[in-house]
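Work through the exercises below with the sequence and the three-dimensional view at hand.

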Amino acid sequence: MVGAGVIGLACAATLARRGHSVIVLESADGVGRETTARNSEVIHAGIYYPPGSLKAALCVQGRQLLYQRCRLHGIGHRRTGKLIVATAEDEVERLENIASNARSNGAGAIEIFDAAKVRALEPRVQAFAAVWSPETGIVDSHGLTLSYQAELEAHGGSIAFRTSVVAAQTTHAGWKLETQDGTELETSHVINAAGLHGAEVARLAGLQYTMHYCKGDYFSVAPSLGKLTEHLVYPVPVQAGLGIHITMDLGGRYRLGPDTEYIDELHYQVDPDKAERFAAAARRYLPEIKASDLAPDFAGIRPKLQGPDQGFHDFVIAEESSNGAPGWINLLGIESPGLTASEAIAMRVVDLLR
Ligand SMILES: Cc1cc2nc3c(=O)[nH]c(=O)nc-3n(C[C@H](O)[C@H](O)[C@H](O)COP(=O)(O)OP(=O)(O)OC[C@H]3O[C@@H](n4cnc5c(N)ncnc54)[C@H](O)[C@@H]3O)c2cc1C
């Protein structure tokens, strides 16, 4: 396994539990240090993705598995529910499409609320109408990652930290991987869960994929504004992301974001000058937000297989025999809802190994 983010560890734990011998190679000195530590921590219900896509199916299956895992392992989480709000009259009809897509995906008991019902639920939110998703929630992503690590280790698997895979070659029995210090490791299967570096790692096996980086910045909201919302509140979605939404973490701190910005080089700086733009986006449904209430928080980067202005692209979960790399499994483009879908993705990988 290459990569000890939530996806690599979910796969590693699931395989180890089924009796496979698993070692995870990880460049960083701990688990979940990249995208797994830089996201909204939302348990998605499965609302937006095209019916029949992997994103839709694995989000719905993964969400159920995730709530179950949280209960069983004592991982911090809350089924907050979420509103997708129409902030202009002409957005109201789009809510019908969103609700119908969500129902086709099995996203739970989706309803449409009128303005009065939204106001009763969220007095500080202004909206013409909203989609209500009771199955959406939030999770402690670090706790989730640690639960997979503990399960992996309890079943005899291990993680080699500060260990980057730099070369790969086929052998009669599978693959030989080389790490940055020249160590070689032989294995029957390689699972590439290297997140933002997934295309580079795939290239080591001669497999060509193009990865685009799409950065999302977050701003924290001043605690002096008090309890702004009881639930997560999203606008109707924009093309590359879900629109600047307000979420809270388990400690009750609110943040706005993420936006979408395609970048060429990986970096995590949040531009403080974006505060006015974030405030303006949020004011469409939370009229009292001002730029002075916002402070740059953190950024995450989506490992996208589609570039700007390209349409939907599904997760790639592929055993690469047909591309001349038998025993090599690529997990690529695992952007949102990857956290939610993690255990369902792992079960797909188990199926590919059968
Ligand atoms: C802005 C943003 C918001 C999101 N919000 C949500 C959300 O609310 N809900 C949700 O379900 N999902 C969300 N996601 C998606 C979710 O965060 C990701 O799908 C998930 O974290 C991906 O995990 P990963 O293990 O694939 O990648 P990572 O966490 O990036 O792990 C990859 C690991 O591979 C290691 N690695 C890379 N190259 C090598 C190498 N050559 N050798 C060894 N190790 C290597 C890296 O060090 C890293 O630790 C969001 C993502 C972003 C960017």
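The exercises concern a predicted model, and each is followed by a worked solution.

**Exercise 1. The ligand and its surroundings**

Task: Describe which residues surround the ligand, and how much of the ligand's accessible area the protein covers.

Solution: 
1. Begin with the shell. The ligand is surrounded by 39 residues, and the closest are Glu26, Thr36, Val42, Ile334 and Thr340.
2. Sort the shell by class. It contains 16 nonpolar, 17 polar and six charged residues.
3. Assign the shell to domains. At least three residues come from domain 1 (6–73 + 141–211 + 311–352), and at least three from domain 2 (82–134 + 213–304).
4. From an oxygen atom of the ligand, a polar side-chain atom of Glu26 is 2.6 Å away, and a polar side-chain atom of Asn39 lies 3.2 Å from a ligand oxygen atom. Pro337 takes part through its backbone: one of its polar backbone atoms is 3.5 Å from an oxygen atom of the ligand.
5. Name the contributing elements. Two or more shell residues are given by each of α1 (6–17), β18 (294–304) and α8 (338–352).

**Exercise 2. Aromatic pairs**

Task: Of the four aromatic pairs in the structure, examine Phe113 with Trp132 and Tyr218 with Phe298, and explain why each pair is classed as it is.

Solution: 
1. Take Phe113 and Trp132. Their ring centres are 5.9 Å apart and their planes meet at 20°, so this pair is stacked; the cut-off for stacking is an angle under 30 degrees.
2. Because Phe113 belongs to strand β5 (residues 111–114) and Trp132 to strand β6 (residues 129–133), the pair ties together parts 19 residues apart in sequence.
3. Phe113 has a relative accessible area of 6% and Trp132 one of 14%. Both values fall under the 20% limit, so both residues are buried.
4. Take Tyr218 and Phe298. The centres of their rings lie 4.4 Å apart with planes at 20°, so this pair is stacked as well.
5. Tyr218 and Phe298 are both buried.

**Exercise 3. The loop between β20 and α8**

Task: State what is found at Glu335 and at the peptide bond from Ser336 to Pro337.

Solution: 
1. Locate the residues. Glu335 lies in the loop between β20 (328–332) and α8, and Pro337 is in the loop between β20 and α8 as well.
2. Examine Glu335. This residue is buried, with a relative accessible area of 9%, and its side chain makes a polar contact of 2.9 Å with the side chain of Lys55.
3. Examine the peptide bond. From Ser336 to Pro337 it is cis, with omega near 10°.

**Exercise 4. Positive phi values**

Solution: 
1. Consider Glu41. Its phi is near 60°, a positive value in a residue other than glycine.
2. Consider Asp309. Its phi is positive, about 70°, although Asp309 is not a glycine.

Terms used:
Residues are numbered from 1 along each chain as its sequence is written. This is a predicted model: local features need pLDDT of at least 70, side-chain atom pairs count only at pLDDT 80 or more; totals for chains, interfaces and linings use all residues. Side-chain values use heavy atoms; hydrogens and water are left out. A residue is near a molecule or strand if one of its heavy atoms lies within 4 Å of it. A polar contact is a pair of N or O atoms within 3.5 Å; within protein, one must be able to donate a hydrogen and the other to accept it, and residues adjacent in sequence count only if both atoms are side-chain atoms. Accessible areas come from the Shrake-Rupley method with a 1.4 Å probe; for residues, only the protein chains shown count as cover. Helices (H or I, at least four residues) and strands (E, at least two) are DSSP runs, numbered from the N terminus. Ala, Val, Leu, Ile, Met, Phe, Trp, Tyr, Cys and Pro count as nonpolar, Asp, Glu, Lys and Arg as charged, and the others, Gly among them, as polar. Domain bounds come from an automatic or database domain assignment. Rings of Phe, Tyr and Trp (its six-membered ring) pair if their centres lie within 6.5 Å; planes under 30 degrees apart count as stacked, over 60 as edge-to-face and the rest as tilted. Buried means under 20% relative accessible area, exposed over 50%, partly exposed in between (1.4 Å probe, protein chains only).
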